[in-house]
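Hi,

Here is the structure I promised to pass on to you. Have a look at it first, and my notes follow below.

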Amino acid sequence: MDVQHFERITAFIEARLTPLFDEATGSEHGFAMDDTSRALRALRNSVLEASAVKGLIDRREFAEPATRRVIDQSVEHNWDVLRGIARQWEDHADFRHEFKHHAWELDHHHAAAQA
């Protein structure tokens, strides 16, 4: 799995969430203390945290086997979090088929493309 997968899925989710915080769209949510605002902030924080895997992916190549397994598990978990969020907009025109795949499926497709 590479960083570009995370960049694409994060950009897709952020494009769905950002207008919900934009006062220009008439939104009153996101910055208040009502439950909807809190939920929007929590969702955005979850997306930002799950997408912060670049350092892990960069270290994987040079890590010891035991550490590599932990990195793989962390990357897969974070991908699953983002995948679950993105699939809420599965019917959106910008939704990419790769957002449906598990991390190990993306690795398999990437390896096959390079062969």
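Among contacts in the chain (heavy atoms within 4.5 Å) between residues at least 6 apart in sequence, 56% join residues at least 24 apart. Please keep in mind that this is a predicted model, in which local features need pLDDT of at least 70 and side-chain atom pairs count only at pLDDT 80 or more, while totals for chains, interfaces and linings use all residues. Residues are numbered from 1 along each chain as its sequence is written, and side-chain values use heavy atoms, with hydrogens and water left out.

The chain has five helices and zero strands, and from the N terminus its elements run α-α-α-α-α. Helices (H or I, at least four residues) and strands (E, at least two) are DSSP runs, numbered from the N terminus. Of the 115 residues, 31% count as buried, meaning under 20% relative accessible area with a 1.4 Å probe, protein chains only; exposed is over 50% and partly exposed lies in between.

Now to the core. A nonpolar core is a set of buried Ala, Val, Leu, Ile, Met, Phe, Trp, Tyr and Cys residues joined through side-chain atoms within 4.5 Å. The largest one has 21 residues, of which Phe-6, Ile-9, Ile-13, Trp-79, Leu-82, Ala-86 and Phe-99 touch the most other members. At least two residues of this core come from each of H1 (3-21), H2 (35-51), H4 (65-86) and H5 (103-114). Leaving aside neighbours within four places in sequence, Leu-82 is in contact with residues including Phe-6, Ile-9, Ile-13 and Val-47.

How do the helices pack? The axes of H1 and H2 come within 10 Å and cross at roughly 165°; axes are lines fitted to C-alpha atoms, for helices over the stretch in contact, and angles run from 0 to 180 degrees between N-to-C directions. H1 and H2 are therefore roughly antiparallel to each other (angles under 35 degrees count as roughly parallel, over 145 as roughly antiparallel, 65 to 115 as roughly perpendicular and the rest as oblique).

H2 and H4 pack at an angle of about 140°, with their axes 8 Å apart, and are therefore oblique to each other. Leu-43, Val-47, Ala-50 and Ser-51 of H2 make this contact with Asn-78, Val-81, Leu-82 and Ile-85 of H4.

Enjoy exploring it!

Best wishes
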